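Reader: I'd like to go through this one with you and check what the labels rest on. Can you show it to me?

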Amino acid sequence: MNNPLISVVLPVFNVEQYIEECIESILNQSYVFFELLIIDDCSTDNTLEILRSFKDNRINIIEKSNNKGLVDSLNLGLDLAKGKYIVRIDGDDINTLKRFE
C-alpha cells in the first residue's frame, strides 16, 4: 500500500505460539487502509515461517540480519512507516476488530 493512513509496527522474536492469531486480528480490522510492518529480530523458532504463510499486500516482513532487541526493531519500524499514524502491537497481542477506527 503506497499511502496508508496507519502504519502498524509489529516487532517479533520467537512468538510462534501467538503470532498467527495476532496477525489475523490485525488483518480482520474494520478499518483496512493500513500497512503492517513486521520486524523479525532473528527468531529461532517457526515465527518466520508462519509470517510467510500470510498472503496480503498490506504485509511487509523485514528480516533483520542480527538480533539487536526490541528498541532497535521499533526504531526500524518507525523509520520505514509511511502512515500518518502509528499503531504499535506486540506479537502476542489480540486486537479488537474496531481498534484502528
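Reader: Which residue in E3 is the bridge partner of Leu-37?

Author: Asn-60 is the bridge partner of Leu-37. Before we go on: this is a predicted model, where local features need pLDDT of at least 70, side-chain atom pairs count only at pLDDT 80 or more, and totals for chains, interfaces and linings use all residues. Residues are numbered from 1 along each chain as its sequence is written, and side-chain values use heavy atoms, with hydrogens and water left out.

Reader: What makes E2 and E3 a pair?

Author: Strands here are DSSP runs of E, at least two residues long, and helices are runs of H or I, at least four, numbered from the N terminus. Two strands pair if DSSP finds at least two bridges between them. E2 and E3 have 5 bridges, in the parallel sense, so they pass the pairing rule.

Reader: Why is the E2, H2 and E3 unit called right-handed?

Author: With the strands pointing away from the viewer, a right-handed crossover runs clockwise from the first strand over the helix to the second. E2, H2 and E3 make a β-α-β unit of that hand.

Reader: How do you know that Arg-58 is buried?

Author: Buried means under 20% relative accessible area, exposed over 50%, and partly exposed in between (1.4 Å probe, protein chains only). Arg-58 has 13%, so it is buried. Asp-56 has 21%, so it counts as partly exposed.

Reader: And what makes Arg-58 and Asp-56 a salt bridge?

Author: The rule asks for a side-chain nitrogen of Lys or Arg within 4 Å of a carboxyl oxygen of Asp or Glu. Arg-58 and Asp-56 come to 2.8 Å, N to O, so the pair qualifies. The whole structure has 5 salt bridges.

Reader: Why does the salt bridge between Lys-64 and Asp-41 tie together parts that are apart in sequence?

Author: The closest N and O atoms of Lys-64 and Asp-41 are 2.9 Å apart. Lys-64 lies in the loop between E3 and helix H3 (70-80) and Asp-41 in the loop between E2 and H2, so the pair links parts 23 residues apart in sequence. Both residues are buried.
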